[in-house]
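Subject: Handover of a structure, with notes

Dear colleague,

Please find below the structure that I am handing over to you. My notes on what was found in it follow.

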Amino acid sequence: MSDGFDATAAKSEVYRPRPETIANYTVPDYSSLRQQAAADPIAFWDAQARELVDWYEPYEQTLDVSEKPFYKWFTGGKINIVHNALDRHIKSWRKNKLALIWEGEDGEQRTYSYFKLWKEVNRFANILKSMGVRKGDTVTIYMGRVPELPIAMLATAKIGAIHSVVYGGFSERALGDRIEDAQSKVVVTCDGAWLRGKTVNLKDITDEAIQHSPIVQRVIVLKRTGQQVNMEAGRDFWWHELAALPIAGPYCNTEPMDAEDPLFILYTSGTTGKPKGLMHSCGGYQVHIAATLKFAFDIKEEDRWWCAADPGWITGHSYIVYAPLILGATSFMYEGAPGYPYPDRWWHLVEKYGVTILYTAPTAIRGLMRFGEAWPARHDLSSLRLLGTVGEPINPEAWRWYFNVIGKQRCPIIDTWWQTETGGFMITPAPVTPLKPGSATLPFPGVEADVVREDGATCDPNEDGYLVVKHPWPGMARTVWGDPDRYRQTYWSDFSSQEWYFTGDSARRDEDGYFWIIGRMDDVIKVSGYRLGTAEVESALVSHPSVAEAAVIGVPDELRGHAIHAFCILKSGETGDLALTDALKAHVRHEVGPIAVPAVIEIVESLPKTRSGKIMRRLLKARVMGQPAGDTSTLEG
């Protein structure tokens, strides 16, 4: 036995959990739990709904399938996510427990006990009510990564309104489109936000967006950066001034909601057309996220959980704001960028606050890998007990660096696959699951996933196919806001005869049943009749010691169907030349095979990414082929 996982297993790239990890895991026999849930998923989710959350009124039916694919969960039940996230905790010993620890990019620090957070949420809920917000109304929230963002979300949900959080960095056009689609009369924003030492002028962007969305009647502005902004009389109000008024009392009733009432809208972009507003419901969503965080990350009372995403994305909704609070956990939240002002900012924060679980994106890991091992080596990371990844498949090279350098071979890596549409984790290990670098491992209990061919037949082991979910789950998005036909067409039409949810991803499953996510179906390249996932070629390139990041696209080729065009960002100190590109081609040939060798390797300084860190390969393809870029609202600024 090594210091970390089983050394003999590591040779075959299977990392088995340490005995103490197994002994300390909450569920004695996780594999049996998965088997029981597979046999009766409805019973599994029913048990979680009864154990993890409180109901004002019990539900009458666990799953209603009468209007497929518009499934309903826990019908007849009355609930509010804020009751489970805050109200019930202040009646227990958790009242004085830390709910949130926050550090700004400038070093400012704030802490919130459950009681303090509850009072702040009540105050802002009363402010929203004074602005005319009522049950069923939508509130658009456009803010930086500050505690007031989750406070605004929780306050909106508390009074039965629907929040639509727009990532604080979208353009005025993207913000305006989302305000208009959600029909929000109230917008909550900041004067500005800090990012890499500079301000993002959120209020200015909001003002421009509202010019195209005259439906907005009130704008509440948080003072964060202190910069000069325009405040329109009668429309714009400072948060701190409203909070000082008698209307902002420290108590507000929590509105009982039907389990199927809307909780929030969150927009996600397609490759074409306007962004889709995915609507999640009050009941099933909170059951799903609480169960997934509990089992996948084994959250304990003493943990300090850091989900290093932004609350403006589904990762932040589910695993910064709601699930940790439902489980009574202590969360850490950081305002700034990973490498600012120095590449060890994250590792300094882990050490400073005693973070025990770090959950982040492969993009961030690869970005920090570029700076080598010396920066994390400066810090004591021994508080960490689990690591996690989210957002895209993690290439094995980054997985090993994360495991060896950050986790010191002690920390299992919880590699999660899920989507905005799914609400929470769908394929994920638990700390007791044997791990394979690059694999999301096995479906979560109660989730029936499969890899199938076009005719719906299950693929053979190691055969690429379509990733589908064959049974409903509670956290599923209920519809596309205002466009149910688009919901049906986008997610349920490909395998409509079997009534399966098509994820849009390609995957393969190995001989042990482990799932390997290849990428979006439009990220699969067909070369001379062979299907190659972009992730497979990218992983080969990144495994070369000179390459920090890579992206691959398929370009039409008369002879082969498609030719592979690669883009590489080099590690610090490396120089791109003909000798290196030849070496990279030889490396891909060795790692994957001749069919995967790129026809072109282009050395670049950056790659187009969404604000959640995913590489936008379609923009690379559009550039190479001289085509229009299409919807770029999710493009990182």
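Helix α4 meets helix α11 through F44, W45, Q48, A49, E51 and L52, which touch V287, H288, A290, A291, K294 and F295 of α11. Please note that this is a predicted model. Helix α4 covers residues 41–52 and helix α11 covers residues 283–297; their axes come within 10 Å and cross at roughly 90 degrees. Angles from 65 to 115 degrees count as roughly perpendicular, and α4 is therefore roughly perpendicular to α11. Sorted by class, the residues of this contact are eight nonpolar, two polar and two charged.

A second pair of helices may be described in the same terms. Two packed helices are described by the angle between their axes and the distance between the axes. For helix α7 (residues 148–158) and helix α12 (residues 314–326), the axes cross at roughly 60 degrees and come within 11 Å. The two helices are therefore oblique to each other, and their crossing is right-handed. On the side of α7 the contact is made by P150, M153, L154 and A157, and on the side of α12 by H317, V321, Y322 and L325. Seven of these residues are nonpolar, one is polar and none is charged.

Is N80 buried or exposed? N80 has a relative accessible area of 2%, and buried means under 20%, so N80 counts as buried. The side chain of N80 reaches two backbone oxygens: that of A157 at 3.1 Å, and that of E255, which lies 2.7 Å from a polar side-chain atom of N80.

In helix α13 (residues 345–353), the buried residues are R345, W346, W347, L349, V350 and Y353. An α-helix has 3.6 residues a turn, so residues three or four places apart point the same way. Within α13, W346, L349 and Y353 are among the buried residues. Just after α13, G354 takes a positive phi of about 65 degrees.

Most residues other than glycine have a negative phi, and most peptide bonds are trans. Against that background, the peptide bond from K68 to P69 is cis, with omega near 0 degrees. P69 belongs to the loop between β1 (61–64) and β2 (72–75). The peptide bond from Y340 to P341 is also cis, with omega near -5 degrees, and P341 is situated in the loop between β17 (330–334) and α13.

Positive phi values are found at two residues that are not glycines, F74 and Q409. F74, in strand β2, has a phi of about 60 degrees. F74 has 0% relative accessibility and therefore counts as buried. Q409 has a phi of about 65 degrees and lies in the loop between α16 (396–406) and β20 (413–415). At 32% relative accessibility, Q409 counts as partly exposed.

Finally, I draw your attention to L620 in helix α20 (residues 617–625). Which residues does L620 touch, not counting those up to four places away in sequence? They are A551, I553, F567, L607, P608 and I615. With a relative accessible area of 3%, L620 is buried.

Yours sincerely

Technical notes
Residues are numbered from 1 along each chain as its sequence is written. This is a predicted model: local features need pLDDT of at least 70, side-chain atom pairs count only at pLDDT 80 or more; totals for chains, interfaces and linings use all residues. Side-chain values use heavy atoms; hydrogens and water are left out. Axes are lines fitted to C-alpha atoms, for helices over the stretch in contact, and angles run from 0 to 180 degrees between N-to-C directions. Helices (H or I, at least four residues) and strands (E, at least two) are DSSP runs, numbered from the N terminus. Angles under 35 degrees count as roughly parallel, over 145 as roughly antiparallel, 65 to 115 as roughly perpendicular and the rest as oblique. A crossing is left-handed if the near helix is turned anticlockwise from the far one by less than a right angle, and right-handed if clockwise. Contact means heavy atoms within 4.5 Å. Ala, Val, Leu, Ile, Met, Phe, Trp, Tyr, Cys and Pro count as nonpolar, Asp, Glu, Lys and Arg as charged, and the others, Gly among them, as polar. Buried means under 20% relative accessible area, exposed over 50%, partly exposed in between (1.4 Å probe, protein chains only). A polar contact is a pair of N or O atoms within 3.5 Å; within protein, one must be able to donate a hydrogen and the other to accept it, and residues adjacent in sequence count only if both atoms are side-chain atoms.
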